[in-house]
Amino acid sequence: MDAQKKTRRTPRPRNAVASRQDILDGAMKEFCAKGFDGARTEDIARRAQINIRMLYHYFGNKERLYQACLEKVYEDLRAKEAEIDLLHLSPEEAIVALVDFTFEHMLAHPEFIRMVEIENIHRGKFLKTLQVVPERGAFLIDMIRDVLLNGEADGSFRTGIDPFQLYISILSLCYVHLSNQYTLSITFNKDLGQPEWLAERNQHVRELILAYLNRR
């Protein structure tokens, strides 16, 4: 009897943080592959290697799980942008840092591009429920505005530049060759996924944005 007690294993406590992350990872793959409408909670549970009841325990339903994935891709972007600390760089260095970060983040995180595509199909239906997303977006635009004002003050940037318009231009220039990679590659018979071309594109975006900002 004592030997049986010694060999009996005590069940390991559930790691709630790890379980939640596994579900999010599985859900991200499922939504990116099939969109919101095509994704099934059973397949998400299978990807996450968890019981489907655990999925409902942590997230309630498919809609809330999708919202959590959507919030995650935006939060990852905004959190990493904040680490650049733009206001402690010279104005030109700050803009180049923002361009390079945006370019590299979009390249390294196709799940962001895919989730944004899916959400646009739904006309922002789920994103509008996440108040933190516009709040963090407003903080970024305010930071870019401060960088532009610093550039005006030291004479490196011209006046009257709209920080929101500038960011949309940076995002577009760092995004469209990825969101339309396959159609553009076929249309112009050029592989837009080649590292050499991507490096040229990154440099082109830097020069284009700085030329626009330059006081001269």
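Where does UniProt place the feature "domain: HTH tetR-type"? The unreviewed entry puts this domain at residues 17-77. The model described here is predicted.

## Annotated spans

## Helix H3 and its cover

Helix H3 takes in residues 41-48. Which of its residues are buried? They are Thr 41, Asp 43, Ile 44, Ala 45 and Ala 48. Residues three or four places apart in an α-helix point the same way, because there are 3.6 residues a turn. The cover over the buried residues of H3 includes H2, helix H4 (52-59) and H5.

Gln 49 follows H3. Its phi is positive, near 60°.

Asp 22 sits in helix H2, which runs over residues 16-38. Asp 22 counts as partly exposed because its relative accessibility is 37%, and that class lies between 20% and 50%. Along the chain, Asp 22 and Arg 47 are 25 residues apart. Their C-alpha atoms are separated by 8.5 Å.

Asp 100 belongs to helix H6, residues 91-108. Is Asp 100 buried or exposed? Its relative accessibility is 15%, so Asp 100 counts as buried; the cut-off for that class is under 20%. What does Asp 100 touch, leaving aside its neighbours within four places in sequence? The contacts are with Asn 202 and Arg 206.

## Enclosed space

Rolling a probe the size of a water molecule over the atoms shows where empty space is left. How many cavities of 30 Å³ or more does the count give? The count is 2.

## The largest cavity

The largest cavity holds about 40 Å³ of space. Its lining consists of Arg 78, Glu 81, Ala 82, Arg 136, Phe 139, Leu 140 and Met 143. By class, the lining of the largest cavity has 4 nonpolar and 3 charged residues, with no polar ones.

Helix H5 (62-82) and helix H8 (132-153) each supply at least two residues of this lining. Which helix gives the largest share? H8 does, with 4 residues.

## The second largest cavity

The second largest cavity contains about 30 Å³ of space. Around the second largest cavity are Glu 71, Tyr 74, Glu 75, Arg 78, Val 132, Val 133 and Arg 136. This lining divides into 3 nonpolar and 4 charged residues, and no polar ones.

H5 and H8 each bring at least two residues to the lining of the second largest cavity. H5 gives the most, with 4 residues. Arg 78 and Arg 136 line the largest cavity, and Arg 78 and Arg 136 also line the second largest cavity.

Note on methods: Residues numbered from 1 in each chain as written. Predicted model: local features only at pLDDT ≥ 70, side-chain atom pairs only at ≥ 80, totals over all residues. Heavy atoms only, no water. 1 Å grid on protein atoms, 1.4 Å probe; cavity = no way out; pocket = protein on both sides within 12 Å on 5 of 7 lines; lining within 4 Å. Points joined across faces, edges and corners; volume = space filled by probe spheres on them. Nonpolar A, V, L, I, M, F, W, Y, C, P; charged D, E, K, R; others polar. Buried < 20%, exposed > 50% of the residue type's maximum accessible area, 1.4 Å probe, protein only. Contact = heavy atoms within 4.5 Å. UniProt positions renumbered as here; feature names shortened; annotations may be inferred.
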